[in-house]
Amino acid sequence: MTAPQPRPNVAEIPPYVAGKPPVPRPGLTSYKLSSNENPYPPLPGVVEAAMTAVERVNRYPDMGNTELYDALAARLRVPTDHLALATGSVALIYQLVQAFCDPGDEVVFAWRSFEAYPIAVAAAAATAVKVPVLADGRHDLDAMADAVTERTRVVLVCTPNNPTGPAVTQAELDAFLARIPPQVLVVVDEAYVEFVRMDDPVDGLVTHARHENAVLTRTFSKAYGLAGLRVGYAVAPPSVAGALRAVSLPFGVSSVAQAAAVASLEREPALLERVAALVAERDRVVAGLADAGCPVPEPQGNFVWFELGERTLEFAAAADEVGIVVRPFAGEGARVSIGETEANDRLIELARRWR
Ligand code: PMP
């Protein structure tokens, strides 16, 4: 008897390799630097809001996410119908591809970039068009614009780019958008936007106001430190935001996640102080790595990228030995999150000894 078979594209879906947790080693505190998480736990007021919501989890969440939509709309100064919430910004990427692509339609994105992109594309039976990043880890926006065809429905721009680190400038994004046909959706994945410190950074909200085909995706997982609660949002023209809401899972964003996200927005200055501390740590790590003879592409997120080729797994094993867990991409390189001071010190020390 033949068992029920999923659609053929399901077999083509590449695996998502999540960052490993540390292996406990006697006498050595290990640090997880493999998932670009925020090393700070949530603020006490955020924990309190989440706990209060936990007391009512016998009830479904507010399906309209009213309080969180209102808080975000006030914070971003956009109408609520320009917003769509989801269980992490990764869900928004899936939903965008699902809502805009028929099987065989093309989705253009840089590579290497966020590993969920090819997964989301394969899950929708769409076709991934991967445009190699430049030698310095930047998007090759010219080549990406050249890669757009009549079948292209979505272009994903990851800025800062996970895992290589650099971000695009507003001038680069504007020039790129000018080349993209208006019927093609351009998704600007700003998961790490709060960590950007550069000249002419992308102003996502201005981009949103100017371009009918631009969508921003953002998350509470990184700067706001709520990765475990799964909440992200898109800022998009109402037709796109409406499509995202239409394909979303009913009650997807839990009541606990909604409460913690609202409480985080109320405490944004304190959270952004932590982001500033992580950026300072990032600068210290970059200087330490340069001094160690291991320069990295300009990191604008909360992580650094080592291009290591065939020695990637060796580097990851050496990192394990000193109690830091990194994210290797075999044959390519390793991504290492900026974490606790001690963890960052160990990374610099490892780089010094790395030959
Ligand atoms: N975009 C990028 C570029 C990411 O690196 C990540 C997480 N690693 C996400 C989106 C998804 O984050 P989340 O689903 O936690 O919001």
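Student: How many bridges join β11 to strand β12?

Tutor: Strands of a sheet pair through backbone hydrogen bonds, either parallel or antiparallel. In this predicted model, β11 and β12 (residues 333-337) run antiparallel and are joined by three bridges. Within this pairing, R327 stands opposite R335 in β12.

Student: Which other strand is joined to β12, and by how many bridges?

Tutor: That strand is β9, which runs antiparallel to β12 and is joined to it by five bridges. Here W305 is the residue that stands opposite R335 in β12.

Student: In what order do these strands stand in their sheet?

Tutor: The order is β9-β12-β11, and the three strands form an open sheet with antiparallel pairing. Because β9 (303-307) and β11 (327-329) stand at the edges with a single partner strand each, one side of each has no neighbour in the sheet. From one strand to the next, the twist averages 20°.

Student: Is β9 largely enclosed or left open by the rest of the structure?

Tutor: Four of the five residues of β9 are buried, so the strand is largely enclosed by the rest of the structure.

Student: Which way do the residues of strand β2 point?

Tutor: In a regular strand the side chains alternate between the two faces of the sheet. In β2 (residues 83-86), L83 and L85 point one way, while A84 and A86 point the other way. All of these residues are buried. The strand also pairs with β8 (residues 232-235) in the antiparallel sense, over four bridges. In that pairing, V235 of β8 is the bridge partner of L83.

Student: Which residues of helix α5 are buried, and against what do they pack?

Tutor: In α5 (residues 116-123), the buried residues are A116, Y117, I119, A120 and V121. They pack against α4 (89-100) and against the strands β3 (106-111), β4 (127-132) and β5 (152-158). Just after the helix, A125 takes a positive phi of about 60°.

Student: Where else does phi take a positive value in a residue other than glycine?

Tutor: Two further cases may be compared. R77 has a phi near 55° and lies in the loop between α3 (66-76) and β2. R230 has a phi near 65° and lies in the loop between β7 (214-219) and β8.

Student: Where is V184 placed, and what is it in contact with?

Tutor: V184 belongs to the loop between α7 (170-179) and β6 (185-189). With 18 other C-beta atoms within 10 Å, V184 is partly exposed. Apart from its neighbours within four places in sequence, its contacts are V148, T152, R153, V155 and N213. The C-alpha atoms of V184 and T149 are separated by 9.8 Å, although the two residues are 35 apart along the chain.

Student: Which residues surround the ligand?

Tutor: The ligand is surrounded by 13 residues, of which the closest are G88, S89, V90, T219 and S221.

Student: What is the overall make-up of the protein chain?

Tutor: The secondary structure comprises 13 helices and twelve strands. The C-alpha atoms fill a box of roughly 60 × 55 × 50 Å along the principal axes. For 355 residues, a compact globule would have a radius of gyration near 20 Å, and the chain's value of 20 Å agrees. Buried residues make up 45% of the 355 residues. Among contacts between residues at least 6 apart in sequence, 73% join residues at least 24 apart.

Notes: Residues numbered from 1 in each chain as written. Predicted model: local features only at pLDDT ≥ 70, side-chain atom pairs only at ≥ 80, totals over all residues. Pairing = 2+ DSSP bridges. Helix = DSSP H or I, 4+ residues; strand = E, 2+ residues; numbered from the N terminus. Axes fitted to C-alpha atoms, helices over the stretch in contact; angles between N-to-C directions. Rg over C-alpha atoms; globule rule 2.2 N^0.38 Å. Buried ≥ 20, exposed ≤ 12 C-beta atoms within 10 Å, placed from the backbone. Contact = placed C-beta atoms within 7 Å. Near = placed C-beta within 6 Å.
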